[in-house]
Amino acid sequence: MVSHTNSALWVIPALPLATAVINLFVGRRLGRWAGWLASASVIVSFAVSVALVSELVAKPAEDRLFLQHLFDWISVGRLVVGMDLRLDSLSATMILVITGIGALIHVYAVGYMDGDPRFGRFFSYMNLFVFFMLMLVLGANYLVLYLGWEGVGLCSYLLIGFWSDVPANAEAAKKAFITTRIGDTLMLIGLALIVSRFGTLDFQTVFGTAGTVLTKDAATAIALLLFAGAIGKSAQVPLHVWLPDAMAGPTPVSALIHAATMVTAGVYLVVRSHVLFELSGVALTVVLVVGVVTAVFAATCAIAQQDIKRVLAYSTIGQLGFMFMAAGMRAYSVAMFFLVAHAFYKALLFLGAGSVIHGMHDEQDLRQMGGLRRLMPITFVAFAVGALAQAGIPPLVGFFAKDAVLEVAQHTGREVVYVLGAFAAFLSAFYLGRMLYLTFFGEARSDPARNAREAPPVMWVPLAILAVGAATAEWLNLTPEGRLTGFLESVTGATPAGHGLAVAELAAVATIISIVALGLTWWIYGSGRVDWIGFRERLEPLPRAALNGWYVDRGYDTVVIQPAKAGAWITAYVVDARIIDGAVNAIGGGVKRLAEGGRLLQTGFVRSYALAVFLGAVAILVYVGARQ
Amino acid sequence: MRTPVAYYLMLSGILFMLGTVGVLTRKNALLIFMSVELQLNAVNLALVAFSRLHDDLTGQVLAFFSMVVAAAEVVVGLAIIVAIYRRRRSVDVDDVRELRW
Amino acid sequence: MPLDNVVFWVFAPISVASAIGMLLVRNAVHAALFLIVNFFCLAVFYLLLDAPFLFAVQIVVYAGAIMVLFLFVIMLLGVDSGVPVRERLIVQRPLAFALGAAFVVELFLAIRAGVGFTTKAPAVFTANEGGNTQAVAKVLFTQYFFPFEVTSVLLLVAAIAAMVLAHRKARAVTQAEIDAAAGEPAADEMPAYGSGTAAP
């Protein structure tokens, strides 16, 4: 691919960074303007992104690569790593999503966080996050990517625990950071392996020469290590446990970080590194299996959640599973299309949920809601659009995305994957319907529900814009050759084709599954004819288990956390306090005893000293004499 | 000179030994000091004997200097003993044992 | 029998005996007197060894000045009366004697191995050319001139040091102090001191 040097790429991440710094220092004095400043920065960044991407698209397909070298970051021995930015179709897609949806969420947050004492700090962190996320996707080498990777992890921590006066929030932030750290560390080992094999971390070089440099085993090792990082960051099984708890953060945070962008970084990583994954067949299989397992597992948990945000959290985990499923089947452009679609409707759902919570005065329990469609119509419509989109109702974008994934599965002969994927899709539509009906239909079940008000314009305008986007996003890929997927193929390679059922048949099956699920949930939750509380109780203990994520957290506690705590206790109180301190104190005590004995030599009697001198003199004489 | 030199040396050694025993066993500071003088004299004797043996005046000169220095030493030492006596009303060296454990 | 042999064998026992006597007596003055006897014997030995100058110096300096100074101080401090001794350091005496014996044995062996018990000094002491005193003077003021000068400074310093050490600020002695100190030795009521050396 021919590359062109572009000197304007740095502007895109620089703007949010600048406003982050400004808000950090003078945010308090800016008051509400801190929020507008932050939003404006992201909007302008979006505009610049659009301009640059247009420039990119104007070029022929083989020419679509902009590089910018900012400075030499690390220069050690033979390893030279530059602060390099890269704009190709893959990163172009990502930056448009990040800045576009990010801008809408920022504006929304101005309303949502109104009145918060640390308003300015919040937007500083949000901007900082956008900066790091942009660096992650714009990086031209693994180290810049890793910089962004760690940075978004930091911002996630800061933002989840934003309301740090509540201990549970701080715990959730810690949990997120530590869990992703496990993945991050493995990923770092993967980067080290890359350096050891290639001598560089640059994408062009690595992907260009990987075929000749790497053995199959080395490729597997690297790919799996990188994927471990993705598992952590994208909350796949088994490192998914942090995402439901991360809902403790403000809803705009959940929307931006834990739906649209940060959690998708893992997908981006896999797609970006697909060359390495393909050199090792094992790695791709692992990705596929993890994706499928996660999609099904998360969906089963989602249907039982009582907190509106936790439903969405598990939903996100499952949807990311779908993306990894697609990647594991080599359909990278499909995975990216799913990512974009998901960004739209998930952000929409989260913002809608935030609007509901805001209107219900911070009540988040689904059982307390009901009948909100009359009191919050705009929110209702937006949320419904998002729900239907994710449920896969045509002609909304979710249908196309999900259908594309299932189609690849079926066409490449992976029947098991197809069936499981379809099952997960069914569950997905089920929990969406449940959420929709419990929240907006029926009778209000509590006072906050009865007194709910619609969100202020600063919140519902972005919501509406996003809804329109979610409703029309399918045009992104509607042409038969797929506008978006085709655009991406210059980086990702073609989607594997195969044959099986006809496209129309698959589409019909998918639609029927979704409609059945929505109908079922209407009957159970929306129509008022079924006592869904009693229904749930009769199914116990399954709902409780699903609610607790099938007790994975408790399993980790028993297997990992308690032994670690015990080990720490032993190290602190036995090894350190008794053994090490004991040894040191024993030495000290020994010296003391020695000295106590030794000091008795100092009798103070001059004559004793004189005797000692004489004794020594005689001894020396004897010695000298004996040697003669 | 018909006496073997060795006899003078033995005599010197015996006197030195007696002086040392005196230093170690006496408790009166003045008596200790006198024993030290005895030791010094014993050494002077040995020096002069060697000087006679080797036909070199160095030994005698050294003995001479030794005497001079001994004189100076006695002066200072006795001044110290007097000063200590003034403080403690005693010249028993066993009483001067502050520098101990 | 040669004269120096006789003289030697007469005075050697006397010197040893006086040294032992000095060790054994209780009274400090007696001890000092024994020591003076010992010094005289040593002076005779110097004479036997063809060192007449040292013979004279020994008597004048040691017996005549140093021991006199000792006696002065003994009288001054009034410690001439011996006090019965109770030895606190039990091991001191036996060990001292043992070591002394070991030392003598050592010395015996060393001399036997070194000089030998039959070696006699050369018949003529050529270094004494022109008389012992003149020879000593010649060596002293040429070869050992620097130590000589240093020693003179040393004597000066010693004199000053003694004065400083023994100095006591003069003050009026009140009747009350005299009464309070009644029964004490008279030594500490002497106002002025210059312990001064009798030696040049």
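These are my notebook entries on a predicted model.

**Ground rules.** I number residues from 1 along each chain as its sequence is written, and chains are lettered from A, with ligands numbered from 1, in the order in which they are written. Since the model is predicted, local features need pLDDT of at least 70 and side-chain atom pairs count only at pLDDT 80 or more, while totals for chains, interfaces and linings use all residues.

**Chain A overall.** I found 27 helices and three strands in chain A. Helices (H or I, at least four residues) and strands (E, at least two) are DSSP runs, numbered from the N terminus. Chain A has 628 residues, and 52% of them are buried. Buried means that 20 or more other C-beta atoms, placed from the backbone, lie within 10 Å of the residue's own. I also looked at contacts, that is, pairs of residues whose C-beta atoms, placed from the backbone, lie within 7 Å. Of the contacts in chain A with a separation of 6 or more, 80% join residues 24 or more positions apart.

**The sheet.** The three strands form an open sheet in the order 1-2-3, with mixed pairing. Strand 1 (4-5) and strand 3 (79-87) of chain A are at the edges with a single partner strand each, so one side of each has no neighbour in the sheet. Strands count as paired if DSSP finds at least two bridges between them. I checked strand 1 and strand 2 (residues 66-76) of chain A: they pair in the parallel sense over two bridges. Thr5(A) is opposite Leu67(A) of strand 2.

**Helix 22 of chain A.** I listed the buried residues of helix 22 (residues 483-492), among them Leu484(A), Phe487(A), Leu488(A) and Val491(A). Just after helix 22, Gly493(A) has a positive phi of about 90°.

**Chain contacts.** Eleven residues of chain A are in contact with eleven residues of chain C.

Key. A residue is buried if 20 or more other C-beta atoms lie within 10 Å of its own, exposed if 12 or fewer, and partly exposed in between; C-beta atoms are placed from the backbone. Two residues are in contact if their C-beta atoms, placed from the backbone, lie within 7 Å.
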